Structures are given as structure tokens and as C-alpha cells.
Amino acid sequence: MASSTVIAINVDREGVALAPPYSSKSQKKKLDRFYCQPIVSILKQKPMNGHDMRKVIHSVKVGVALVLVSLLYLLGPLYKRVGENAMWAIMTVVVIFEFFAGATLSKGLNRGIGTVLGGGLGCLGAAFAQAVGGVGKAIVVGIAVFIFGAGATYTRQIRNIKKKYDYGALIFILTFNLVVVSGLRADQVLELARDRLATIVMGFAICIFISLLVFPIWAGDELHHSLISRFEDLARSLEGFSKEYFENDNHKEKKSSANFSGKCKSILHSKAKDESLVNFARWEPWHGKFGFSYPWGKYLKIGEDLRDLAIIILSLKGCHDQSSEILEASVKEACEGIIASLAWTIKELGESIKEMSKCRYEEMIVPKMKSVRIEVSAIVNPFALGTYLENSDGLGIASFVHSLMKMVEKLEELAKEVEELGQLGGFHENS
């Protein structure tokens, strides 16, 4: 057994550690090593990846924005101009500064539109209530709050508006109620609304400037790379399936390649992320390879096709588990070739989107799919199918082949979507 050393640490009456007496130099070295271990462990941590670095950049940008907007309070001349309304600029920065530039721009414009509309209508309502005067003032305000509050709340529940303008409708309700109700007690409601709007615009301008011009983090880039990675994961999943069921001979190797189902399941949960990123990307200005009219909506359709393919790949595993080793040997070579062709096609389509080059649909994809159909048809010819069904496990192989046919059809649909994306997105021709 390895020997261990116990080091006693003295404490005073208040429980504070005292400098220990050293009986020897070796004990001092051991104690120094004991105290330095946490620092060494921190230094030995793995370097941050790209996503972690973006988190740090975003945090620094938010900190800088808060410092800049706080100058409205800290600098005397600025504070004399805006007064206590400076808090609205700080609130704007805290609320609308998001991780992606498109999300910040979306929230900022929604807040601006909601504030202008709510403030404008609130001022009109307050002015009309003051003109009525007396008891009628409170009645007018109550009716206005009910009508506009209920109408805006109903509007928020409309699907198309909820996706893009839900935050703007929420700010409209908030601003309208604040202005029209405070207008009952404030004589200069127009001046109050103007000052608050001015400070909100200041906070919005600071957020947009830092978000778009200082190390911008684009939702479009995130969506583009996420889609490409799913193509690669699907291709690896097919290759992993082929290795697990047709190439590996021992259980240890099967276990090492059995993670393909996890990749497919992660693809199945990508819909919400895609919809969110597409919404943010549509707000973003021209950046990099993505212009103003880039067809981000096509990414949703392609993502849906990829999820369908992931479901089919998972079904292949279930179908294959029902077939016996004898049936496996009878179609092993044909299935290996078919799955290799399907994996190649998925990689080719993913590479086309990655390089933003038009996929060679007529030259390469269509002939490849035709050859795969012929290979699958050879498995399901009447003679071979009758042989399979005579066996008790024939249903498993029949379901397996049917899933392969469904995958071929879905891949053809996916290839057409990628081709349309290349045409609408202005992808360059292959050299």
C-alpha cells in the first residue's frame, strides 16, 4: 500500500488558519504542493472551444454596453439632460441584448415599435381623458385600457404575429398602460413620454452598435453550421449502422459503434432550435455569404427531411433486430453497398451546403439513386422475397428493405430541396 502523509493545520480561536511550523524542508515542500494544487488544476483545464469563447465575448459585450449606458447617470451634463429617465436606457440594455445579433435586433425593433405605438396612443388617450375631465376622465382611461389591452393580448395569440412580434405586443401593452394611467396625474405627459422614448433609443443604439459591429455573433452562421453537422451525423450514423450489423464480429466492437442512435435522437429534437434561429436570421443584415433575401425558410424544410431520415435510420435498427443471421448473410453484401451509397449521397449534399456550391443533382445524385433503387429491387424480387417469407424471420427482412426504399425516396426529396436552396441562395457552380 502507498504511504500517506498527514499534515496538521493549526487554527486560532476564530478558526483562521495559522502558518504551520515546518519540522523539515520535505514537509514544507509537501505543504506547498498541497496549497498550490487547486491553482495547478485550474491551469491544466482544457482550452475553451469556439462556443465557450463566444459566451465570453457576449458577456464582455454586455458588460461594455452597461458601462456605456451607465454614463447617463455618472456624467453630470448627461444626467442633467435625461434625469431619472436614464434608468429606461439601462433597462433597455438589460432586456434586449441577446446572444445572437439577429435576436438583439429583433428585440430592439420590437421594443421600439411597441414603445412608439403604445406611447403615442397612450398620450392621445391621456389627452382625451384630461379634456373630458371630472369623473369621465377615469371612465375614458378605463375603457381605453380595456380595449387596447384586450386587443393586443388577443393579437399576441395569432401564430404568425407571436413568432416575430410577440415581444413588441407585450411592450405595447406595458407602455400604453403606463402612459395613459400616469397621464391622469401628470400635467406634462407628452414631455414625459418624449424623454423616456429618447433614453430607450439611446440604450437601443448602444446595443445595436456593440452587437453588430463588435465581434458579432450571427444566428445565420449558427444555423448554417448546425445544418451541416446534422448531414455529417446522419452519414456517420449510417456508416455506424453498417459496421455494427454487417462488419463487426465481436460484442466489444459492436458496443463501440452503437452510438449512432444517439446522434439520430439528437437530430429529432432540433426543430425548436431551427425555428428560433431562422426567426433571428431573418432580422440580420447582410453578412458574409448571406444576403438580405437569403432563403432561410428552406433550412426548415431541409431540417424536417433530415429528421425524417433520422427516424428511418432508427427504424432500420429495429427491423434488423428481427432478422436472423442466415437472412443477414443472404443480403449482407447488397445492404452494405446500398447503405454506403446512401451515406455518400448525404455527405455530398452536406458538402454542397457547406461550400455553398450547387449540388450536382442531375449529374451525380440522380444516377446514384437509380443504381440504389436497382440494388434494392434485386433484394425484393419475387423469388428472393418468397424465400425470405418462408423463414420465420422473413417479416424482419421485408420491413428492413421497405425502410431502405423509404430512405431512398426521402433522399430524393432532400436532394431537390438542396438544389432549390442553391438556386435561391445564389450558390456558385462547381468547377
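**Salt bridges up close**

Author: Happy to! In this predicted model, the count comes to 19 salt bridges, taking a side-chain nitrogen of Lys or Arg within 4 Å of a carboxyl oxygen of Asp or Glu. Let's go through some of them.

R236 pairs with E232, and their closest N and O atoms are 4.0 Å apart. Both residues belong to helix α9 (residues 219-247), where they are 4 residues apart, about one turn of the helix. R236 is partly exposed, because its relative accessibility is 42%, and E232 is also partly exposed, at 32%.

Helix α9 also takes part in a bridge to another helix. E239 forms a salt bridge with K347, with 2.7 Å between the closest N and O atoms. E239 lies in helix α9 and K347 in helix α14 (residues 325-355), so this pair ties together parts that are 108 residues apart in sequence. E239 has a relative accessible area of 30%, which makes it partly exposed; K347, at 42%, is partly exposed as well.

Next comes K410, whose salt bridge with D308 has its closest N and O atoms 3.2 Å apart. Since K410 lies in helix α17 (residues 394-425) and D308 in helix α13 (residues 297-321), the pair ties together parts that are 102 residues apart in sequence. K410 is buried, with a relative accessible area of 15%, whereas D308 is partly exposed at 24%. This pair also belongs to a network of salt bridges that links K301, D305, D308, K410 and E413.

Note on methods
Residues are numbered from 1 along each chain as its sequence is written. This is a predicted model: local features need pLDDT of at least 70, side-chain atom pairs count only at pLDDT 80 or more; totals for chains, interfaces and linings use all residues. Side-chain values use heavy atoms; hydrogens and water are left out. Helices (H or I, at least four residues) and strands (E, at least two) are DSSP runs, numbered from the N terminus. Buried means under 20% relative accessible area, exposed over 50%, partly exposed in between (1.4 Å probe, protein chains only).
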